[in-house]
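Keep the structure open while reading.

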Amino acid sequence: MVHPDYRGQGIGKRLVEECIRIAEDKGFYIQYLMTDVSNFIVHRLYSKCGFIQVILPQKMVKGRDMWLYRFSKETFIREYLDIHPFTSYSVSKKKVEYMYMKVYKIGWNDILSQDHLYLYLKGQPGQLTENGTMLRITCVEILQRSLGLALSIHEMSDSISETDYSVFLLKIRNTGKERITLDRIAPLVPPGIEIKHDLDEGVIKLNPNENIVISFKCKLTENFDIPPLSFNTIVISIHVYVKEFLKYPILASAGFENRTWSNRLGNCVKT
């Protein structure tokens, strides 16, 4: 926060930019935040820093929150936008159905080439609700000339623990007209989480209309010591490197409720 006597001098912008710099220095190239839909002054600040709207409330009134994303230049989103400088951006106000899931949708369409990039998000407009979940990209659909790809993550359970494995599926489909090559598929796992998968080593080639499903299993270990966050969600992301597409990997994330966090946060709320 900036004291009212010192606002309008660029201090807030410098603070946000420094937060972005710290995040990027640590390798976190997607940043997000939540803000009131009626706070137009801070909207201008976040817009200048590169944030865009991604999840909107159905009622656009004071006191309702929305989520914003910022994509650094080291992301496949910014790389795609650099290749397609004239795109139109859209954001869904309500959830849409995609891959048998109810998700929010944002997207960029290039009317010149007919290419597009769509991201499908899990989360909700505000902070924590009874069934609230951390904002994350769960599906990606990209079309670039004759190349196409649809990638989605499906959680087979809601929570994660130290006892049983939680399972999620990574589904990748070649939606284009040419063969694509998956050079590498790399999980990004928080410390203290064990993960197993049935992924074979080496490259994977997918012909048009061909798909692959990879199963991942994960659970907490005794070394997991991340303190409770504002959400109960443990996020595990997957980087998918596609040779024919972009330099930077395509990313999507799974999310599981940490019941231990839920109990602690519940006690804090009651207190």
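Met-99 sits in the loop that runs between β5 (96-98) and β6. The model is a predicted one. Most residues other than glycine have a negative phi. Met-99 counts as partly exposed because its relative accessibility is 29%.

Arg-145 is a second case: its phi is positive, about 60 degrees, and it is not a glycine either. Arg-145 belongs to the loop between β8 and β9 (147-155). With a relative accessible area of 59%, Arg-145 is exposed.

**The chain as a whole**

The protein chain contains four helices and 17 strands. Its C-alpha trace spans about 60 × 50 × 35 Å along the principal axes. A compact globule of 271 residues would have a radius of gyration near 18 Å, and the 20 Å of the protein chain agrees with that. Of the 271 residues, 45% are buried. Contacts between residues at least 6 apart in sequence can be sorted by separation, and 63% of them join residues at least 24 apart. The accessible surface of the protein chain is about 15000 Å², and carbon and sulfur atoms account for 51% of that surface.

**A helix with a buried side**

Which residues of helix α3 (residues 76-83) are buried? They are Phe-76, Ile-77, Glu-79 and Tyr-80. These residues lie on the same side of α3, because they cover an arc of only 165 degrees around the axis. An α-helix has 3.6 residues a turn, so residues three or four places apart point the same way. The cover over the buried residues of α3 includes strands β3 (65-71), β6 (101-109), β7 (116-122), β8 (136-144) and β17 (250-258).

Strand β17 also holds Asn-258. Asn-258 has a relative accessible area of 2% and is therefore buried, the cut-off being under 20%. Apart from neighbours within four places in sequence, Asn-258 is in contact with Ile-160, Leu-220, Phe-224, Asn-232 and Ile-234.

**Salt bridges**

Side chains of opposite charge can pair when their charged atoms come close. The count of salt bridges in this model comes to eight.

One of them joins Arg-21 and Asp-25, with the closest N and O atoms 2.5 Å apart. Both residues lie in helix α1, four residues apart, which is about one turn of the helix. Arg-21 is partly exposed at a relative accessible area of 40%, whereas Asp-25 is exposed at 57%.

Another salt bridge runs from Arg-70 to Glu-24, where the closest N and O atoms are 3.0 Å apart. This pair links distant parts of the chain, since Arg-70 is in strand β3 and Glu-24 is in helix α1, 46 residues apart. Arg-70 has a relative accessibility of 13% and so counts as buried. Glu-24, at 24%, counts as partly exposed.

In a further salt bridge, the side chains of Arg-136 and Glu-155 meet at 3.1 Å, N to O. Here too distant parts of the chain are linked: Arg-136 is in strand β8 and Glu-155 is in strand β9, 19 residues apart. Are the members of this pair buried or exposed? Both Arg-136 and Glu-155 are buried.

Some salt bridges share partners, and in this way Glu-18, Arg-21 and Asp-25 are joined into one network.

At 31% relative accessibility, Ile-11 counts as partly exposed. The side chain of Ile-11 is part of a nonpolar patch on the surface, together with Tyr-6 and Leu-15. The accessible area of the three residues together is about 270 Å².

Notes
Residues numbered from 1 in each chain as written. Predicted model: local features only at pLDDT ≥ 70, side-chain atom pairs only at ≥ 80, totals over all residues. Heavy atoms only, no water. Patch = residues over 30% accessible without salt bridge, like charges linked within 9 Å, V, L, I, M, F, W, Y side chains within 5 Å. Areas by Shrake-Rupley, 256 points an atom, 1.4 Å probe, with all protein chains shown as cover. Salt bridge = Lys/Arg side-chain N within 4 Å of Asp/Glu carboxyl O. Buried < 20%, exposed > 50% of the residue type's maximum accessible area, 1.4 Å probe, protein only. Helix = DSSP H or I, 4+ residues; strand = E, 2+ residues; numbered from the N terminus. Rg over C-alpha atoms; globule rule 2.2 N^0.38 Å. Contact = heavy atoms within 4.5 Å. Arc of directions from axis to C-beta.
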